[in-house]
Amino acid sequence: EHISHDEYQKTADWLRSHTKHRPLVAIICGSGLGMLADTLKCQDSFDYSDIPGFPQSTVQGHAGRLVFGELKGKSCVCMQGRFHMYEGHSLIKTTFPIRVFKLMGVETLIVTNAAGSLADGLQPGDIMIIKDHINFPGLVGLNPLCGPNDEKFGPRFPAMSGCYDKGLRSLMMEIAKQMGVAGLVQEGVYAMVGGPNFETIAEAKLLHRLGVDAVGMSTAPEVVVATHCGLRVFGLSLITNKVVKSYEDSESVNHEGVLEVGRLRSQTVQQLVTELISTMEI
Ligand SMILES: Cc1cc2[nH]c(=O)nc(N)n2n1
């Protein structure tokens, strides 16, 4: 379906009339990383169900709240729970909040997610700074920008090269070193698959062959829409499991395990993101 500019504007106006916060940074908290929102000071929070135009979140481990507040004195808005294509939402709906944030004056998007690792050097519990992504659904036309282009947001044919801001990626590597967790952090390529099933072994081998380091079921559509409307983007993946790449391997992955690693490492992710927001020029 198509969403008119006025609908985005209406939601942005509703939010601006319900909070005094004027965030410059938006953060999307991935599976098991929702606690970051709880660290915001002077919070104003809204259940997605109370916000006109917002879709509803249905995934275990995703609260479904929009939290405004301050992080180290900087005004932020946090999505505690995000929308996924596999929930049956259209991609227009899953990325609706991004354009609302843009209309509210947000200039930087920080997106976090949980992902499975295909790279041999990436272990569960590691943190991957997203250098670039492969948007498989987008390549076959499942793209939030399909349909009439809204020129007020951006061009018909937006460039995507360099959509993960190099300055923020370097800054985050610096922060990881200062925090003494550089050993946990490395850059890599993230691939989005539609889900909700995890990969077959043949699919895992294909992705690995294509140069994918970590695979998940979100993030790319949000980043495409954010880049289209001119937001600066930083992304990181919390590696929750090794993707099974061999027919001899009996291991298999499940959502519980994904959430468990989230709980284990969320503290570190929280500190890294907080430090990034506090250090970067807004
Ligand atoms: C959130 C998440 C975690 C994993 N692990 C995996 O092996 N394959 C995925 N697609 N995902 N997605």
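How far is a nitrogen atom of the ligand from a polar backbone atom of glycine 116? I looked it up: the distance is 3.5 Å.

**Ground rules.** I am working on a predicted model, where local features need pLDDT of at least 70, side-chain atom pairs count only at pLDDT 80 or more, and totals for chains, interfaces and linings use all residues. I number residues from 1 along each chain as its sequence is written, and side-chain values use heavy atoms, with hydrogens and water left out.

Next I checked asparagine 241. An N or O atom in its side chain is 2.8 Å from a nitrogen atom of the ligand. For valine 215, a backbone N or O atom lies 3.5 Å from a ligand nitrogen.

I then looked at cover. The ligand has 300 Å² of accessible area on its own, and the protein covers 94% of that (Shrake-Rupley method, 1.4 Å probe; for residues, only the protein chains shown count as cover).

**Ligand, shell.** I found 13 residues around the ligand (a residue is near if one of its heavy atoms lies within 4 Å). The closest are Ala114, Phe198, Glu199, Asn241 and Val243. I sorted the shell by type: eight nonpolar, four polar and one charged. Here Ala, Val, Leu, Ile, Met, Phe, Trp, Tyr, Cys and Pro are nonpolar, Asp, Glu, Lys and Arg are charged, and the others, Gly among them, are polar.

Strand 5 gives the most to this shell, with three residues. I take helices (H or I, at least four residues) and strands (E, at least two) as DSSP runs, numbered from the N terminus.

**Salt bridges.** My rule is a side-chain nitrogen of Lys or Arg within 4 Å of a carboxyl oxygen of Asp or Glu. The count comes to five. One of them joins the side chains of arginine 65 and aspartate 38, at 3.5 Å from N to O. Arginine 65 lies in strand 3 (residues 65-71) and aspartate 38 in helix 2 (residues 35-38), so the pair ties together parts 27 residues apart in sequence.

**Backbone.** I noted a cis peptide bond from glycine 195 to proline 196, with omega near 0°. Proline 196 is in the loop between strand 7 (185-192) and helix 7 (201-209). Cysteine 42 is not a glycine, yet has a positive phi of about 45°. I placed cysteine 42 in strand 2 (residues 41-47).

Notes:
A polar contact is a pair of N or O atoms within 3.5 Å; within protein, one must be able to donate a hydrogen and the other to accept it, and residues adjacent in sequence count only if both atoms are side-chain atoms.
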